[in-house]
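Please look through the structure shown here alongside the report that follows. The report takes up the sheets and then the contact between the chains.

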Amino acid sequence: MTRYGIAVDTARCMACYNCFMACKDEHCGFDNMPVARAQPETGQFWINLKETERGNDSRKIKVLTVPTLCSHCAEPVCARDAPQGAVYIREDGIVIIDPVKAKGQKQIVAACPTGTIFWNEDLKIPQKCTMCAHLLDKGYKQPRCVEVCPNQALIFGDLDDDKSEISRKIVCNKVTPLAALEGIKTNVVHLNIPTVFLAGTVYLPDDEVAIGVKVQLRSKKGKIYETTTNYFGDWEVENLEKGEAYDISIDLAGFETIKLIAIADSDKYVGESLMTPRK
Amino acid sequence: MTEKITHSIDVGGPITVHVIDGKIRRIRPLVLDDTDPKGWVIRARGKEFTPPRNTTVTLAALNERVRAYAYDRIKYPMIREDFVETEDGKDRNTQNRGKSGYRRATWEEALNLVARETKRIQGKYGKEAVTAITSSHHSWGLVGYKLSTFKRFFNLLGYTQIWDNPDSWEGFHWGATHTYGYYWRLGGPEPFDLLEDALKNVETMILWSHDPDTTRGGYAANESAIWRHWLKELGVQFIYIDPFHNFSSVKNGDKWFAPRPGTDAALAEAIAYVWLTEETYDKEYIKKHAHRFNEWADLILGKGIDHTPRTPKWAEALTGIKAADIKALARRWASTKTMGGSGMRGGFGGVCRTAGGCDFSRLMVQLFAMQGMGKPGSNIWTGTTGAPMDYNFWFGGYSDPKASIANEPVADKTAVNPVKQKLYRLNLPDAILNGHYEWLGEGFCGQSLEQQFTENIYPLPGCSKVHMFYRYGGTFLGTMLDTNKWVRMYQSGELEFVVNQDIFFHGEARFADVILPACTNLERTDIGEFSNSGNGGYQSHSQTGNNWQVMVYQEKAIEPLWESHSDYWIFSRLAEKLGFGQEYTEGRDEEGWCKRFWEKSDLCKKISWEDFKKKGYYIAGVPENWQRHFGFRWFAEGYSCDTPNHKPFMEQGKLGTDTGKFEFVSESILRLSPNDEARTPMAYYKDSWEGHRSLIARKFPFHLISPHPRFDYHTHYNSSCKWLWEIPENRKVLQGNPYIIARIHPIKAAEKGIKDGDLMLLFNDRGSVLTVARVTNRVQVNTIHCYGSSAIYNPTRPGGFEMEKGGCVNLLVPGQLIGTRVPGMAPNSCMLDVKKYEGELTFGQGFESILKKIDRED
């Protein structure tokens with residue numbers, strides 16, 4: 001069996017907005033029946049780039065972009081309360097909202113845990129990503145959003161084929177489901193979404209950065225992370241447990257150990273630490 | 001239902017256009033087939049790198065369908081409703097330009113009026129009384145682009161030409177050329193095969209005033225995006241220096257430094273100080289290749305005339321970057337193989353467009369020289385150009401004189417402009433308004449260093465001033481300086497007649513007496529090469545920013561919409577009315593000209609005209625055993641220069657400076673411009689004439705930086721494409737108007753009582769612009785970041801100080817040039833203040849009503 005899916009590698013997404021534009025180019029102003037009526041010119045985002053600025057200090061800021069589209073769930077929540085088979089799953093796994101049968105069924109929009117279904121007020125129908133099923137049926141090799149991704153952040157293919165590019169991509173990367181879809185089997189698979197980081201910089205007296213300093217983070221549960229400062233005296237630990245408190249110790253031979261505590265409730269730059277020589 | 005597939009190119013890459021029943025249905029990238037050549041292979045660090053078998057696009061390309069049918073297309077010829085065709089050219093209500101509405105005209109009426117006025121003005125004052133200019137990059141194609149169709153017409157007519165300034169790379173053009181030559185590349189470095197060099201050797205990338213994922217090698221789509229992923233996977237460290245934590249930096253940056261705008265030269269000097277004191281520069285290389293290095297080194301060490309050692313601590317006070325961090329940066333640079341530079345191709349970037357742009361650009365070159373520039377893994381290269389390419393294959397890019405319908409061999413006869421008088425774009429309004437202007441240089445000075453000092457005067461003795469202005473394609477209100485003065489120029493009676501030929505009703509079109517509707521790229525036939533700016537001039541081989549070298553037959557996808565016509569059609573008709581129709585066309589239609597480009601280039605040896613038209617594109621492959629020609633390696637290693645686009649003296653191992661070496665004390669500046677306050681013989685940090693140490697900073701404490709935009713291109717897209725307005729980092733729509741995003745640091749936002757998403761007014765003595773605040777740690781604390789070249793231009797009152805609400809920050813930037821002898825623009829030396837805006841908002845954009853009225857007449 002073929003089960004079409006899209007792997008979304010957030011580590012490679014540069015937020016170029018090509019997927020967003022290609023989706024609109026394909027779906028705005030044109031009906032693609034039987035899978036979709038035209039998307040309105042503006043206001044719907046079948047693939048949306050959710051961006052988060054990570055960090056609380058200009059010394060360490062990163063931006064996370066999570067391309068978010070219908071996840072094409074194996075057992076779609078939105079189908080549960082959609083009479084007349086308004087939401088159905090095709091043999092290839094693509095979840096479709098039938099534009100005819102779904103007329104007037106606004107509850108389908110609210111049912112989606114990820115907010116990727118939109119209400120078309122003019123047509124009175126719920127609308128969402130179709131994985132460009134109308135094009136795949138015509139022999140296109142991939143949906144429009146995937147075709148235009150210059151960063152190979154979107155990979156399309158058959159999830160049931162172990163040898164497919166998408167399957168290999170998923171095996172080689174960390175699967176990180178969207179929070180709202182934890183435990184739900186989906187055909188859109190998000191990869192490499194980080195949790196939370198703590199970072200800092202270590203200095204020596206007399207305007208020098210401290211290179212090769214041992215930095216240890218210990219969670220209340222006893223989990224230990226170790227790193228060393230780089231050529232800028234910077235250290236960073238990514239993918240910590242969110243909300244956990246960490247004891248941080250900064251060690252360099254001949255200097256007083258610096259002890260800090262930080263709560264990883266959000267991405268944080270814990271500050272600049274100045275080492276003082278041990279007396 | 002019939003589906004037709006054609007091809008085209010724009011600034012966002014080559015595209016495949018699907019047309020169903022005469023309507024554009026979709027825009028796709030080009031997908032290669034089995035008959036296209038194999039991709040190049042680079043073997044480096046135990047891996048093989050080869051590009052994917054498709055070309056990339058940018059969001060601009062994916063907007064071409066909606067742009068073609070956009071609400072702000074100019075649909076019909078139009079004449080300003082209060083324009084009066086007086087016999088003496090006076091009393092034409094010119095003060096109302098920019099305010100008045102229009103009435104619909106027929107093509108015959110509009111063209112006859114343009115022809116009558118051209119004849120009247122040239123008959124009365126002389127040929128030079130007509131002037132004309134194009135914008136850059138409003139279309140793509142060797143027939144239709146500005147240096148072809150437009151140039152042929154105006155050269156045959158005779159007109160006062162307006163020289164362009166090197167607007168994107170000023171400091172490298174006017175400054176760096178005096179340090180390392182390359183004036184024929186307009187100050188830019190050699191990119192040749194440096195992608196391979198980097199993949200093999202580089203350890204650190206220093207991207208200084210550079211956002212590669214945004215400027216994308218100019219117009220090389222997203223071709224190089226994959227290269228930077230490769231480099232990251234190899235463990236290469238990316239360090240970004242920019243007052244804005246830009247879109248590349250927040251994704252793949254390992255370190256971000258945010259110098260206070262205008263102080264980059266001080267940071268460069270402090271890096272040199274560390275290398276000099278720690279003796280970590282390439283002494284042998286400098287001994288062999290540098291001229292008067294010791295004098296400059298003395299200056300850095302505090303033994304020079306100002307007795308100021310350029311210590312990291314000294315630079316910390318200016319830049320705001322910690323001395324410890326500056327030392328660490330200098331040491332990382334010196335101890336690892338480092339490549340980098342500024343802006344989209346290494347010699348660009350926002351910093352070179354500041355008052356200190358020449359100093360910064362020269363110091364950038366000097367720093368790379370100190371680390372043995374040209375040795376493996378050590379070069380000016382910014383990760384956006386330098387893919388393998390077959391340099392023996394020639395097609396021709398837009399700036400190449402041999403690739404224009406104005407010139408032989410494409411034309412049977414070259415069209416020559418008989419008028420010697422010139423104008424200079426940056427100061428066109430000053431020249432018109434004051435009736436007199438003097439300046440140095442010939443715009444793009446690719447012939448020699450001396451050319452930068454050509455003395456010019458307007459009006460040229462014996463010549464008339466200009467009284468007719470013919471404006472073509474796009475708008476300068478969002479790309480030039482202090483642009484309210486352009487409005488004052490338009491409203492002056494000195495310009496008796498103004499024509500605008502454009503596709504969209506963007507800023508400047510609204511100031512014309514007659515508007516002629518041109519069609520888009522997709523509605524006419526053309527031919528062109530992806531990202532080729534011209535192998536004869538400009539920064540040659542810019543198409544090495546691509547993975548594939550692609551020539552496209554830009555077949556007309558649909559008929560021109562409404563009553564628009566191609567630029568060639570318009571100029572042909574006008575030429576006929578002015579009596580030189582046959583000379584203009586030489587009997588060819590657009591396809592006939594396209595065929596000439598095929599015939600006069602190497603393309604005709606590779607593919608027949610019929611096959612090329614049928615397939616729509618041709619890809620020139622790189623032969624499998626193709627020998628590499630690494631940029632600048634010839635100089636570092638002392639062999640005869642083997643890179644393309646080189647001068648004979650390079651074969652003797654010399655650079656294009658007076659001495660043939662890196663000049664740390666510039667002999668050409670001493671020789672040609674000894675009393676130049678902005679371009680001293682030695683490059684060093686100077687306070688900006690508008691900066692944090694100026695008196696004006698007490699009134700206007702923030703720096704504005706307005707770099708090249710991520711979500712637009714030369715203002716051509718934001719107005720017409722509403723999908724762009726839905727990008728939260730670009731715009732926010734309030735009351736039917738898309739307000740531009742401006743970024744402010746949280747500390748300053750708190751001081752001003754501004755929250756994220758609030759309306760924020762940017763203002764100074766030149767004007768005011770209403771924006772939406774993005775409160776972010778991504779911007780240097782004293783800096784406001786707002787993209788330039790992405791304005792829509794929606795003034796409350798054209799030319800007034802009242803707020804503009806289309807994001808036209810160019811109203812705010814100073815008109816002052818880099819120096820009295822350096823005619824470059826410096827929009828990033830701009831001070832202003834901000835305040836939270838709590839007043840009323842007017843609904844809509846303001847200009848739509850003019851178009852709607854015309855539609856109602858329909």
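## A sheet in chain B

In this predicted model, 8 strands of chain B form an open sheet with mixed pairing, in the order β7-β6-β21-β20-β19-β8-β9-β16; two strands pair if DSSP finds at least two bridges between them, and strands (E, at least two residues) and helices (H or I, at least four) are DSSP runs numbered from the N terminus. The edges are held by β7 (102-104) and β16 (422-424) of chain B, each with a single partner strand, so one side of each is left without a neighbour in the sheet. On average, neighbouring strands of this sheet are turned by 20° against each other, direction ignored.

Within the sheet, strands β8 (residues 130-134) and β9 (residues 160-163) of chain B pair in the parallel sense over 2 bridges, and B:T131 stands opposite B:T160 in β9(B). Helix α3 (residues 146-157) of chain B lies across β8 and β19 (468-472) of chain B, running at about 175° to β8(B); axes are lines fitted to C-alpha atoms, for helices over the stretch in contact, and angles run from 0 to 180 degrees between N-to-C directions, while contact means heavy atoms within 4.5 Å.

## A sheet in chain A

Chain A has an open sheet of 3 strands in the order β8-β1-β9, again with mixed pairing. Its edge strands are β8 (154-158) and β9 (188-191) of chain A, each of which pairs on one side only. Strand β1 (residues 4-9) of chain A runs parallel to β9(A), to which 4 bridges join it, and A:I6 has A:V188 as its bridge partner in β9(A). Helix α6 (residues 165-172) of chain A lies across β1, β8 and β9 of chain A, at about 120° to β8(A).

## Where the chains meet

The contact takes 59 residues from chain B and 52 residues from chain A. Together the chains bury about 4,600 Å², 49% of it on carbon and sulfur atoms; buried area is the accessible area (1.4 Å probe) that two parts lose on being put together, summed over both.

Between chain B and chain A there are 12 salt bridges, a salt bridge being a side-chain nitrogen of Lys or Arg within 4 Å of a carboxyl oxygen of Asp or Glu. B:K322 forms a salt bridge with A:E272, with the closest N and O atoms 3.0 Å apart.

## Conventions

Residues are numbered from 1 along each chain as its sequence is written, and chains are lettered from A and ligands numbered from 1 in the order in which they are written. Local features need pLDDT of at least 70 and side-chain atom pairs count only at pLDDT 80 or more, whereas totals for chains, interfaces and linings use all residues; side-chain values use heavy atoms, with hydrogens and water left out.
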